[in-house]
Amino acid sequence: DGTKSGPYHEWDTPNPQSMKFRPGRTLLGADERGRDFPNPETAAASPLAAALFAVDGVSGVFIGPDFITVTKTEDADWRHVKPMTLGVIADHLAADLPIFAPSEPAARAAETDLSDYEGEDREVVEAIIQVLDERVRPAVAADGGDISFRYFEARTGVVFLKMHGACSGCPSSTMTLKAGIENML
């Protein structure tokens with residue numbers, strides 16, 4: 001469902017503004033979560049993300065375990081953005097430059113603070129997180145994104161999630177949430 005290009009592979013995502021780049025190597029530690037850089041101001045934590053924001057037309061960067069999702073502005077054309085993006089990624093990794101600033105703590109796959117939940121509510125939240133981690137996150141990562149649990153409102157039964165990478169702002173995200181994740185939960 002994607003195209004291959006040189007030693008790096010790029011895949012189209014369901015979001016026409018985002019493209020997933022797979023450099024063929026691991027980018028995060030085993031216990032780290034993906035990192036979202038939704039604008040240039042947040043990119044100080046990642047020299048790679050900062051370098052990608054220097055590409056004209058780049059509006060967002062998500063660094064996953066073994067992929068980088070780049071989101072472009074609506075008026076930018078992938079014919080111009082893609083080769084520049086591939087060049088930045090290849091040059092950065094070939095020079096063995098750090099992906100994250102040395103002073104930046106890793107985004108650990110830390111357990112959600114369950115201290116706000118008791119009894120049955122806690123069991124519900126644990127089950128929600130398990131479904132997200134085991135069934136939803138791998139599927140969303142395949143499309144160049146990630147999803148994280150925010151909180152559960154026990155009174156209404158509403159679960160609050162956050163979409164990252166290609167999933168953030170994707171035209172298909174409402175359908176993904178409604179038809180897929182909501183039914184699983």
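## Salt bridges and their surroundings

At 37% relative accessibility, Glu 126 counts as partly exposed (buried means under 20% relative accessible area, exposed over 50%, partly exposed in between, with a 1.4 Å probe and protein chains only). Welcome to a predicted model, where local features need pLDDT of at least 70, side-chain atom pairs count only at pLDDT 80 or more, and totals for chains, interfaces and linings use all residues. Residues are numbered from 1 along each chain as its sequence is written, and side-chain values use heavy atoms, with hydrogens and water left out.

Side chains of opposite charge can pair when their charged atoms come close. A salt bridge here is a side-chain nitrogen of Lys or Arg within 4 Å of a carboxyl oxygen of Asp or Glu, and by this rule the count comes to three.

**The pair inside helix 3**

- Glu 126 forms a salt bridge with Arg 122, and their closest N and O atoms are 3.5 Å apart.
- Both residues lie in helix 3 (residues 119–142), four residues apart, which is about one turn of the helix. Helices (H or I, at least four residues) and strands (E, at least two) are DSSP runs, numbered from the N terminus.
- Arg 122 is partly exposed, with a relative accessible area of 34%.

- Arg 22 forms a salt bridge with Asp 66, with 2.9 Å between the closest N and O atoms.
- Arg 22 lies in strand 3 (residues 18–22) and Asp 66 in the loop between strand 5 (58–63) and strand 6 (68–72), so this pair ties together parts that are 44 residues apart in sequence.
- Arg 22 is partly exposed at 28% relative accessible area, and Asp 66 is partly exposed at 27%.
- Strand 3 itself is mostly covered, as four of its five residues are buried.
- Strand 3 pairs with strand 6 in the antiparallel sense over four bridges; two strands pair if DSSP finds at least two bridges between them.
- Look for Met 19, whose bridge partner in strand 6 is Val 70.

- Asp 77 forms a salt bridge with Arg 79, the closest N and O atoms being 2.5 Å apart.
- Asp 77 is partly exposed at 26% relative accessibility, whereas Arg 79 is exposed at 65%.
- Helix 2 (residues 78–94) has 17 residues and reaches 23 Å from its first C-alpha to its last, close to the 24 Å expected. The expected span is 1.5 Å times one less than the number of residues.
- The buried residues of helix 2 include Trp 78, Val 81, Leu 86 and Ile 89.
- Asp 96 follows helix 2, and its phi is positive, near 55°.
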